[in-house]
Each structure stands twice: as structure tokens, then as C-alpha cells.
Amino acid sequence: MNTEKNKKSIGKRILKWGVSILLIILIALVSIPFLFKDKIVQMVTNTINNNINATVTFKETDLSLFTNFPLASITVSDIAVTNKAPFLGDTLYSAKQLNFSMKITELLKKADEVIELKSIATNDGQVNIIFNKENVGNYDIAIAKDETNSTATNSSFSFDIQEYELKNMKFVYLDRSSNMKVTVNDINHTGKGNFAQDVLDLDTKSTANLSFDMDSVNYLNNVAISLDAVLGIDLKNSKYTFKDNTGFINQLPLEFDGFIQLVDENQLYDINFKTPTSEFKNLLALLPAQYSGNLNAIKTEGNFDLKGSVNGILSTERIPAFDITFSSKNAMFKYDDLPKAVRNITIDAKIINKTGNTDDTYVNVEKLNFKIDEDAFTANGNIANLTTNPKVNLAAKGNINLANISKAYPVKLEQELAGILKADVTTSFDMEAIEKGNYQNIKNTGTISLNDFKYDGKDVANPFYITKTAITFNTNTIKLNEFDAKTGSSDLAIDGNLNNFYGFLFNDEVLKGNFNLNSNTFKIADFLAESSNEEQTTTTSALKIPAFLDCTFNADAKKVVYDNINLSNVSGVIFVKDEAVNLKNLKSDVFGGKIGFDGNVSTKGNTSTFALDLKLDKINITESFSALDMLKAIAPIANTIGGNINSTINLSGNLNEDMTPNLKTITGELFGKLLDPKLNTSNSKVLSLLGNKVSFLDPNQLSLDGINAFLSFDNGIVNIKPIPLKYKDVGIEISGNHSFDNVMNYDVVFDVPVKYLGTEVTNLIAKLNPKDAAEIKNIPVKANLTGSFTSPNISTNIKDVTASLVQNLVERQKQNLLNKGKDKITDLLGLDKDKKDSTNTATPPQTNKEVTKEAAKDKIKGVLGGLFGNKKKDSVKKENQ
């Protein structure tokens with residue numbers, strides 16, 4: 001019993017000790033990084049300051065004993081190495097993380113002692129190697145030894161590494177002197193080897209995507225490359241030898257042997273490569289997977305060999321000589337799921353440089369032949385002086401039934417092609433002739449024709465048929481002999497010349513041309529595909545007229561249909577240049593008359609603009625002003641007017657993204673003369689309301705014949721100068737304005753004969769004397785139209801005018817009565833008789849005025865005496881007594 005108890009007691013003790021030790025180790029693993037963090041920061045800083053002539057930034061450093069246990073790991077986050085002059089601001093290296101691993105015992109060393117690293121890894125970053133125009137590279141950032149204190153330690157780290165890793169990295173090589181750019185994306189690379197040894201084998205695995213650009217021309221775009229290789233490395237002699245390896249370009253396998261050695265500041269190459277087999281399938285494997293189809297479901301015959309060698313020194317003055325050969329003889333391929341095969345394939349091509357001088361590099365395609373059914377195609381050519389003044393010689397001849405392409409090769413087409421392409425062309429030119437415009441040195445001959453072509457895709461409204469087209473190549477021009485096409489109910493025939501084609505193709509110059517366009521029926525809707533709901537909800541950029549075009553089009557169409565507008569006998573000249581379309585002497589029969597216009601539409605700048613001068617000759621008013629939104633906005637009332645109009649319109653403004661006019665920006669003028677006009681007031685709420693509110697006016701009987709109207713518009717407002725109208729014997733004048741959103745403010749002045757103002761007024765006038773009555777013939781009545789054309793308001797001053805007139809007539813009548821009363825009194829008093837008698841009296845001392853005054857007094861006394869006679873007589877008698 002005691003023995004068992006002792007065993008249990010010992011077991012518990014061991015368990016407690018084990019747990020305690022484990023806890024101590026875990027606590028140490030967690031706490032040690034915090035204890036050494038300041039030391040790590042100091043070591044990283046010392047290494048940067050002592051070795052790198054660049055600006056280095058990082059977010060933080062971290063030490064972990066768990067990531068690569070039993071090794072300790074140092075992680076530097078968000079690190080960036082930025083160049084100083086002459087590459088100030090350029091980033092040499094940046095990464096999300098840079099990781100180092102080392103033995104844990106290395107952490108016990110002092111901050112000024114060297115720590116041996118066992119591995120290095122970096123991820124999610126980019127390396128940029130840049131050469132400026134002086135051929136100086138940005139990668140030389142190491143501080144020279146003589147620039148540092150000889151007693152100081154240059155670095156806190158030594159690279160005794162066993163492995164390294166690059167994960168999701170990007171490499172960019174840019175040579176600004178030659179405008180060459182190499183981009184390697186999605187780099188994932190690992191390497192394992194003992195770098196403590198002078199001679200070692202490095203086991204590497206690499207995948208990436210390669211792109212290559214020269215002079216802004218892309219030659220390779222994201223070509224998938226991979227290489228699993230064992231490299232023999234001789235560190236003392238800086239020599240790297242290919243051993244066991246397998247590489248791929250897309251799906252094309254390649255094997256390498258030979259070596260690369262660093263000699264002084266140069267590199268010595270002695271490399272050979274080839275495809276491990278000669279199957280013709282290797283050629284298709286060179287293409288990206290999305291274009292090569294399923295290579296496991298293909299039958300091939302014949303061979304395809306790719307082999308090459310690179311030998312010599314790479315220095316600032318020369319390149320290694322190389323010889324790369326592509327060859328195939330009498331080969332064929334057929335995909336299992338396609339009905340046709342490509343046969344009689346012959347390829348003989350080389351890329352060669354024998355001297356090491358870049359100017360001596362050339363490409364030679366001795367022969368390229370193939371056949372699909374009975375359609376044969378052959379081509380040959382060469383390009384020399386690739387790096388200085390490339391000289392191109394090419395020739396191609398053959399027939400291709402376009403419908404057979406997708407039947408022999410797994411090309412993904414949304415719509416099937418149809419048509420017969422025939423070509424027989426040769427060309428010979430050098431780039432210097434193109435750059436300097438010496439097009440007479442370009443030698444072109446031959447023709448290309450396409451017949452019975454059909455295209456039916458989502459981007460066209462109707463299937464597009466090219467009945468026949470033929471192009472002839474000459475030294476200076478490319479001539480379009482014919483182009484006959486049809487889509488929907490529209491037909492199109494074009495012929496003309498293209499000039500400066502090579503300057504446009506190779507030298508970013510404008511493309512010049514002169515063409516004739518003819519059509520019996522040209523329906524705009526036939527060329528505009530309907531957008532789906534999804535497409536309509538997405539943001540689209542505004543239409544831009546190409547800046548590279550400088551072309552003239554002489555257009556002649558018997559019928560053009562745009563929405564609900566039918567134009568006949570359309571002709572004119574269209575100039576396309578400098579991101580603008582200029583129209584000259586364009587004319588058409590439309591709306592029962594003729595229309596002619598000159599102007600331009602420009603898409604240059606952020607906002608597209610237009611300017612037009614229109615001339616309308618006897619066009620139907622209702623049809624034209626109802627069908628054209630812009631005219632409708634300028635004169636909304638015009639849809640109530642029948643008859644024709646002669647008009648000139650000058651207008652300009654901005655265009656919306658859908659190339660319709662932005663009405664609020666339009667400025668211009670319109671002058672119009674009405675011909676045989678007739679009003680239809682039922683179409684106008686404004687005229688109907690005016691007739692209801694003005695009792696003496698019947699709008700249907702308004703006379704508009706011979707009316708001249710002058711309108712000006714600016715900032716969305718249409719102003720109308722006074723327009724005189726005639727209604728029976730009533731004069732009318734209209735002036736005012738309205739906005740393009742239909743808000744109006746118009747003044748109407750009526751010169752109204754008083755007979756229209758009612759019996760009260762006419763009765764009052766009848767009581768006036770003939771002279772006064774003759775003076776009152778017409779009075780002005782004002783009306784104000786506001787609101788909108790669909791919901792108008794009207795106010796008039798007719799009541800105030802009538803009341804004022806009545807008051808005036810009453811006052812006149814009172815005055816007439818007063819005047820008549822005075823006359824009666826004068827007659828009654830005999831003032832006129834006395835006045836006459838006074839003129840005949842001979843009494844000289846008194847003047848006529850005095851006589852008259854006295855006589856008046858006497859008459860008044862007499863009248864008053866007559867009124868009050870008895871009292872007067874009585875009083876006289878009393879006085880006499």
C-alpha cells in the first residue's frame with residue numbers, strides 16, 4: 001500500500017513539474033519577444049543606416065518564437081525603400097512584410113554583434129529596377145566601404161541562409177533610354193540551399209506572368225511562365241549552372257542547359273534551350289490556355305521544333321549573340337469536337353543576332369503556309385534593324401472562308417462569321433520613312449477583298465451584311481474601290497481614298513481620307529442596338545469623335561429616317577477633324593418643304609458643344625415644331641398654327657452625354673415669316689383661355705398672314721420682340737418671354753374700338769357732342785399671360801379701363817351740361833345782345849367791357865327783380881313817398 005501511494009505521489013510531482021516547466025516555456029516564448037523588441041529595432045536601424053543610401057520606412061517590427069519554431073522570426077511590416085537623387089521619389093522596393101528567421105540563441109547576442117540569419121521571406125510587394133536616360137540604375141544604393149567608419153560594424157545581420165521565399169511579388173524593369181518595360185506579375189518563388197558553402201545546389205520553384213512593352217507597344221501580355229530548376233551555384237566564381245530543370249511558356253515545355261557567370265561588371269551567357277519533344281501540339285501550347293483549347297482532345301501530325309542558343313557577353317555596349325528557330329513541316333491539327341482540320345502547315349522562322357550588336361538583330365519568316373478545306377494561305381517576310389530603323393518586308397496571299405475558322409479552331413465567337421476574304425498584298429517600308437513623312441519610300445501593291453460577309457452580334461441592331469468590298473494598296477494611298485453593305489432596311493455604298501495610313505498606324509498621326517457615301521434608304525435605328533436594362537443602369541461615358549480622323553465625306557441619300565422624321569434627298573459635305581464634325585451645305589426635303597444647314601458638333605474638352613445655322617423654306621409649321629423637341633421648346637404655341645413658314649435659325653449650346661442639346665445652355669435667334677397660316681385654338685389652352693377671358697375676341701378669327709416673328713433665346717429663356725396681329729378692327733401686339741420648361745410671362749396689348757365695350761359706354765358716347773364723340777374711338781386694353789402653356793393664367797385690365805372710360809364720359813357729359821347751362825343763362829340775360837348793342841353805341845368815354853359789365857348787372861337785377869318783383873316795387877314806392 002505504501003509503495004503504491006509513493007508511486008502516485010511521485011507521478012503527481014512529475015506531472016506538476018512538467019506542467020510548470022511547460023508554462024514557464026510558454027511564458028518565455030510569449031514574453032521574450034517583448035524583452036528583445038527594442039534590441040531588434042536597434043539592429044534593423046543599424047543595418048539600414050550602415051549599408052543603404054536610400055530612405056527606408058517601416059511601420060513596425062515584431063519578434064515571434066512561434067512562426068518558425070524552433071527558429072525565432074523577425075517581421076518588418078509595411079516596409080518601403082525610396083530612392084534619393086537622381087531617382088528622387090522612385091520606390092525601389094516595398095512590401096507588406098519582410099521576414100527573417102534565426103536561431104533563438106542569436107537573440108542573446110549584443111546589439112552591436114552580428115546575428116546569423118537562416119531564412120528570408122517577403123510577400124505582397126514590388127521591386128522596381130529603373131535605368132534613366134543616362135543609363136544609371138536606381139538599384140545601386142549600397143554605401144561604399146570607404147564611406148563608413150572602418151571601426152564600425154556595417155551590418156547587424158549575416159546571411160547564412162538555408163532558404164528564401166517570394167510570395168505574390170511584382171517585378172518591373174524600366175529602361176527610359178530605350179522606352180523598354182518588362183513586367184513580371186504574380187511572382188511566387190522559393191529557393192532552398194546551404195549558402196554557408198561556396199559551392200551549393202539551389203533547388204528553386206517559380207511561377208509568374210510576363211509582359212513586355214517597347215515604345216508603348218505591347219508585345220507580350222501576362223504570358224504564364226514557370227520554372228522548376230536545380231541551379232549549381234559557385235559563389236566564389238559567381239557562376240550559375242542549369243542542372244535538372246523543366247520550364248513552361250504558357251503550356252509549352254522547355255529545357256535549359258548551360259550557365260550564367262558574372263565577370264567583373266558584365267554577364268557571360270552560354271545557354272541552350274529546346275522543346276523536349278517535337279510534337280506539333282507544342283506550337284498550340286505556346287498560346288495562352290484560353291486560346292489553345294483542350295490540348296488533350298486534339299489530333300496532330302508533323303512536327304514543331306523550338307530551339308535556341310544564347311552565347312556571349314552582356315554589357316552596356318553589347319548583347320550575347322543568339323539564334324532562335326521555329327520550324328514545322330507538313331503538319332496538321334484537328335480538334336475532336338470540330339468538323340474541319342488545318343492542314344499543310346509549314347513554318348520556317350528565325351530570330352537571330354550573330355554579332356552581339358543590337359542593330360544586327362532581325363526576324364525572318366521564310367515561309368508560313370496553311371490550308372483549311374480548299375482555302376490556302378501563304379505568307380513570308382522579314383524585319384531587320386529592330387533597334388534603330390526597322391525595315392519591314394512582308395507578302396501575303398490567299399483565300400479564307402471566314403465561316404471555316406470556328407469550324408477548325410476553338411476560337412470563341414459570340415456570333416458566327418461568314419464571308420470570303422481574299423488577299424494578295426506586298427509591302428516594303430522602314431520606320432524612318434514613316435516618322436519623317438517620306439511616304440514615297442513606302443512600296444505597297446496588291447488588293448484585299450471581302451464578299452458576302454455577315455455579322456450578327458449584340459452590338460448591332462440588325463445583322464450586318466457586306467455584299468462586296470475591295471481595297472487597293474498603292475504607295476501613297478489606300479483606295480476603297482467599293483463597299484456595299486446592308487442592315488435592316490438600310491443600304492450603304494462607300495468609295496474613296498485613305499491617305500497617311502502608315503503615319504496613323506505607326507506614328508500616331510491623323511488618318512486622312514476622302515469618301516463618297518451614297519444610300520437609297522438610311523434608317524438611323526438600323527444602326528443603333530437597343531440597350532438591355534442592365535446596360536441602361538450602368539454609367540456610360542459621353543460619345544467622343546476620334547481625334548485621329550481628318551476625313552471628308554460627300555453624302556447623298558435619297559431617304560433618311562430618324563425617329564419619326566423622314567428626310568428626302570439629303571446631300572452635303574461632312575468634315576471630321578480635330579474631334580469635331582463640320583457640316584457644310586447640308587440640305588434635305590422635309591416637312592413638305594426644304595431645310596438647309598451649316599454648323600459643327602465638337603466633342604473636344606469635357607463638354608460637347610454644337611453650333612448650327614438653319615434655313616427653313618416653306619416647311620409645314622405644325623409638323624416641324626411638333627416633331628423637333630428643340631423647335632417645340634423654342635415656340636410651343638406653333639403646334640396650333642397650320643400653314644408654312646420661312647425661317648432662319650442660328651443657335652449654339654452644349655450637348656448632353658447622349659448628344660442631345662442641353663436646352664438650358666442654348667443661345668441664338670429665330671426669324672420666321674408665316675405663309676398662309678391658320679389657327680387651331682383647340683390645340684392650345686392659352687388661346688382658348690384668352691378667348692374666354694376677353695369677350696370681344698374670337699381667337700379662331702385672328703389674322704396671322706404675313707406675320708414676321710423675331711425670337712432670341714439665352715440661358716433657357718426665349719424672348720419675343722413685339723409681334724403685331726390683326727383681329728377685325730382690333731389691333732393686337734404680343735411681347736414677352738417663356739422658359740424651356742414652359743413657364744411664360746407675356747403681355748398682350750389690344751387697341752379696342754369703344755363699340756366692343758358695351759351699351760353703357762356707347763350710350764354715354766352718344767350723349768357727347770359730335771366733336772368729343774369723334775375723339776373717343778379706341779382704347780388700349782392690356783392682358784398678362786402667366787403660368788405654363790398647359791396650365792395658363794390670364795389677367796386683364798378691361799374692367800378698370802371700362803370703368804375709367806365711363807367715369808371720363810360722365811365727367812364730359814357733366815361738363816357739357818354745365819356748358820349748356822351757362823349758354824342758357826347767357827341767352828336769358830341777353831349778354832350777347834347787349835354785347836352787340838354796345839358795339840354800336842357812340843358813347844366814347846366807356847369801353848365795351850364796361851358797358852357789358854354794367855349791362856350784365858342790369859340784366860341780373862332785372863332777372864332777380866322779376867323773381868322778387870313785388871318786393872322791389874313796393875320798396876321803390878316807399879322811397880318815392
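Reader: So a strand is a DSSP run of E, at least two residues, numbered from the N terminus. Where does Pro-86 lie, then?

Author: This is a predicted model, to start with. In it, Pro-86 sits in the loop between β3 (71–82) and β4 (91–103).

Reader: Is the peptide bond from Ala-85 to Pro-86 cis or trans?

Author: That bond is cis, and its omega is near 10°. Most peptide bonds are trans.

Reader: New topic. How many residues are in the largest nonpolar core?

Author: It has 73. Among the residues with the most contacts inside it are Leu-651, Phe-713 and Ile-732.

Reader: What does Ile-732 touch, beyond its neighbours within four places in sequence?

Author: Its contacts include Leu-697, Leu-702, Pro-724, Tyr-727 and Phe-750. There is also a second, separate core of 24 residues, with Phe-273, Phe-322, Phe-333 and Ala-408 among its members.

Reader: Helices now. Which residues of α10 are buried?

Author: α10 spans residues 685–693, and Val-686, Leu-687, Leu-689, Leu-690 and Gly-691 are buried there.

Reader: What do they pack against?

Author: Four strands: β33 (667–679), β37 (743–753), β38 (778–788) and β39 (792–796). At the helix start, a side-chain oxygen of Ser-684 comes within 3.3 Å of the backbone nitrogen of Val-686.

Reader: Back to strands. How many bridges join β30 to β31?

Author: There are 9, and the two strands run antiparallel. β30 covers residues 593–602 and β31 covers residues 609–620. Gly-599 has Leu-612 in β31 as its bridge partner. The hairpin has 6 residues between the strands, and Gly-605 takes a positive phi near 90°.

Reader: What joins β31 to β32?

Author: 10 bridges, again in an antiparallel arrangement. Leu-614 stands opposite Ile-649 in β32.

Reader: Is Ser-119 buried or exposed?

Author: Ser-119 is buried, with a relative accessible area of 14%. It lies in strand β5 (residues 115–131). Leaving aside neighbours within four places in sequence, Ser-119 contacts Asn-99, Phe-100, Ser-101, Ile-161 and Glu-163.

Reader: Rings next. How many aromatic pairs are there?

Author: A search of the whole structure finds 10. Take Phe-256 and Phe-273: their centres are 6.0 Å apart and their planes are at 40°, so the pair is tilted. Phe-256 is in β11 (residues 252–263) and Phe-273 in β12 (residues 266–274), so the pair ties together parts 17 residues apart in sequence.

Reader: Is Phe-273 buried or exposed?

Author: Phe-273 is buried, with a relative accessible area of 15%. Phe-256 is partly exposed, at 23% relative accessibility.

Reader: Which residues form an aromatic cluster?

Author: Phe-280, Phe-333, Tyr-335 and Tyr-409 form one.

Reader: One more. What sits over the ring of Phe-259?

Author: The charged end of Lys-239, 4.3 Å from the ring centre.

Definitions and conventions. Residues are numbered from 1 along each chain as its sequence is written. This is a predicted model: local features need pLDDT of at least 70, side-chain atom pairs count only at pLDDT 80 or more; totals for chains, interfaces and linings use all residues. Side-chain values use heavy atoms; hydrogens and water are left out. A nonpolar core is a set of buried Ala, Val, Leu, Ile, Met, Phe, Trp, Tyr and Cys residues joined through side-chain atoms within 4.5 Å. Buried means under 20% relative accessible area, exposed over 50%, partly exposed in between (1.4 Å probe, protein chains only). Contact means heavy atoms within 4.5 Å. A polar contact is a pair of N or O atoms within 3.5 Å; within protein, one must be able to donate a hydrogen and the other to accept it, and residues adjacent in sequence count only if both atoms are side-chain atoms. Two strands pair if DSSP finds at least two bridges between them. Rings of Phe, Tyr and Trp (its six-membered ring) pair if their centres lie within 6.5 Å; planes under 30 degrees apart count as stacked, over 60 as edge-to-face and the rest as tilted. A charge sits over a ring if NZ of Lys or CZ of Arg is within 6 Å of the ring centre and within 35 degrees of the ring normal.
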